[in-house]
Amino acid sequence: MESANASAEGLRKQISETEESLRKLKAQLHQFEFQEKSDSAKTVSLDEHKWPLSAEEYKRYGRQMIVPSVGIQGQLRLKAAKVLIIGAGGLGCPAAAYIAGAGVGTLGIVDGDVVETSNLHRQILHGTEKIRWKKVDSMIASLKSLNPNPAYVAHAEHISPQNSESIVKQYDLVLDCTDNPASRYLISDICILLQKTLISASALRTDGQLIVLNLPPLPAGAEGGPCYRCVFPKPPPADTVVSCGDGGIIGPVVGVMGVMQAVEAIKIITSGKIDSSAEVAGSGENTKQEPTLMLLFSANSSQPFRSVKLRSRRAGCFACSKDSQLSLESLTSGSVDYVLFCGFTSPTKILQPEERIEASQYSKVRSKQHILLDVRDKVQFDICHLDGSINVPFSNFQGGKEDVVDGSSWIPDSLPNDASVYVVCRLGNDSQVVTRKLKEAGLDARGKRYIGDVKGGFKAWKEQVDQSWPEY
Amino acid sequence: MAPIGHFTVLYFASASSYTLKDSEFLPTPLPLSKLFDHLDQRYKGMKAKVLESCLVTLNLEYVDVPESATDGQDLIIKEGDEVAIIPPVSSG
């Protein structure tokens with residue numbers, strides 16, 4: 001095993017060295033081609049002065065340039081624009097593809113993660129051969145192939161209070177393509193402080209949300225479009241926040257939201273709404289304040305798209321009102337604590353050690369009469385479950401229905417009242433909550449019946465008992 | 001369309017997972033300040049777990065849900081109105 005690991009490691013090293021030298025060769029080639037281009041350009045220098053875009057650019061962007069709302073002016077604005085995409089995942093991939101394709105001048109990407117197999121069904125700029133690559137590198141490689149013209153900037157780190165100012169200030173427009181509440185509040189705050197318009201989108205399961213915030217980009221205290229805190233002043237309780245890994249996500253649902261972010265970005269840039277205020281005052285295009293909308297997408301609804309009208313900035317908003325308590329110093333120094341504000345979930349630890357059973361131990365008592373209560377969602381139960389187990393999803397216990405909590409709706413009448421009940425879930429958190437509820441409802445028959453959870457859930461089952469158990 | 005004497009409430013994202021519904025009809029009139037308590041009675045724990053961090057709209061426009069009915073500015077949800085409960089979705 002060790003020698004296999006060593007040779008795999010050797011191969012990985014060899015691959016990355018080869019890739020590195022390939023990169024260098026490509027850069028050299030690029031240099032030569034660029035030289036050639038500029039040499040030949042010298043001979044037609046007259047034309048160059050005549051036309052603001054290259055011949056290739058007219059061809060490449062012609063189909064969008066002839067749309068009246070873009071035009072040559074819009075195309076030149078795109079070329080001058082610097083756009084930052086924070087998050088190179090399910091939202092960031094489609095957003096970046098269209099924004100790069102449209103010919104933006106500079107595109108920065110922020111992400112500290114690496115590509116994993118479970119990303120590929122939705123993160124369309126990452127391919128199977130790029131598993132374990134840094135997401136920023138994988139994304140930029142795909143974007144360069146799509147359109148080599150923009151300058152791509154990789155920020156291979158997660159956005160944080162410490163790095164947010166130095167990264168965001170280099171750009172004109174920001175897209176929030178991240179996946180958690182803390183980063184959403186942080187990105188909104190830094191965009192208020194640095195006066196950047198923010199296009200924020202999110203998605204989970206079959207639902208998506210899109211809002212354009214801080215448009216026009218104005219400092220705190222001005223009468224402008226709302227920030228994220230105006231719309232959602234109170235973060236959701238941390239234990240109710242569901243990630244795509246836990247809740248699931250349909251690829252094209254998050255894709256639609258990322259594509260919509262690109263639509264908004266192109267609209268905002270080509271209409272000149274991020275130009276410096278001097279130019280804005282001159283053009284008079286941006287004096288009218290349009291109401292801010294939130295677009296809701298629900299793929300399974302009979303009315304999949306809905307727009308709701310939001311208010312302008314909230315009086316007393318922590319970030320953008322005239323009473324703002326936010327400053328660059330308080331943000332970057334860490335005195336605004338985003339993790340604390342949004343709360344955090346420590347691993348669930350409700351049960352005593354004697355109320356828990358190791359997966360390996362459970363496998364040995366399976367021959368005895370007992371009940372295995374699987375509290376995963378039905379869809380997960382359908383993917384894989386153990387023979388004889390009973391499925392009552394965790395959500396059914398949340399409403400507090402009596403016949404669920406006391407077991408009468410799911411325990412077979414034939415079960416002796418001293419037969420054990422083992423509770424299992426995916427990772428061993430929900431199972432603890434349910435075990436506690438069952439005991440509180442008196443299902444343990446005053447200690448006659450053992451009720452406990454399988455520690456670590458099916459993850460532990462896979463590690464300790466059955467390696468073939470599907471990891472989904 | 002809501003039946004006579006009712007309004008429609010739409011549940012998005014986690015509000016939909018909590019109620020196991022996309023929408024339902026509730027009796028009118030209902031003061032907006034009573035909405036959260038009313039829903040919390042129907043769905044135990046929903047106020048703290050979901051509603052307090054939600055955006056609420058009435059007929060597609062943002063409304064502030066008053067903490068109590070004492071400030072005299074309470075809106076009344078009327079027959080045929082459409083209320084949407086929109087929790088923040090943060091993943092992506």
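Student: How many bridges join strand β1 (residues 82–86) of chain A to β2(A)?
Tutor: Strands, like helices, are DSSP runs numbered from the N terminus (helices are H or I, at least four residues; strands are E, at least two). Two strands pair if DSSP finds at least two bridges between them. Strands β1 and β2 of chain A run parallel, and the number of bridges joining them is 5.

Student: What pLDDT do local features need here?
Tutor: Residues are numbered from 1 along each chain as its sequence is written, chains are lettered from A and ligands numbered from 1 in the order in which they are written, and side-chain values use heavy atoms, with hydrogens and water left out. This is a predicted model: totals for chains, interfaces and linings use all residues, side-chain atom pairs count only at pLDDT 80 or more, and local features need pLDDT of at least 70.

Student: Which residue in β2(A) stands opposite Ile85(A)?
Tutor: Strand β2 covers residues 106–110 of chain A, and 5 of its 5 residues are buried (under 20% relative accessible area with a 1.4 Å probe, protein chains only; exposed is over 50%, partly exposed in between). Thr106(A), Gly108(A) and Val110(A) lie on one side, with Leu107(A) and Ile109(A) on the other. The residue opposite Ile85(A) is Ile109(A).

Student: How many residues apart are Tyr185(A) and Tyr228(A)?
Tutor: The structure holds 9 aromatic pairs over all chains, where rings of Phe, Tyr and Trp (its six-membered ring) pair if their centres lie within 6.5 Å; planes under 30 degrees apart count as stacked, over 60 as edge-to-face and the rest as tilted. Tyr185(A) and Tyr228(A) are edge-to-face, with 5.1 Å centre to centre and 75° between the planes. Tyr185(A) is in helix α8 and Tyr228(A) in helix α9, and the separation in residues is 43.

Student: Why does Tyr185(A) count as buried?
Tutor: Tyr228(A), its ring partner, is buried at a relative accessible area of 4%. Tyr185(A) also counts as buried, because its relative accessibility is 1%.

Student: What is the angle between the planes of Phe458(A) and Trp469(A)?
Tutor: Phe458(A) is in helix α20 (residues 457–464) of chain A, and Trp469(A) is in the segment after α20. Their rings are stacked, 4.5 Å centre to centre, with an angle between the planes of 15°.

Student: Over the ring of which residue does the charged end of Arg229(A) sit?
Tutor: A charge sits over a ring if NZ of Lys or CZ of Arg is within 6 Å of the ring centre and within 35 degrees of the ring normal. At 4.9 Å from the ring centre, the charged end of Arg229(A) sits over Phe341(A).
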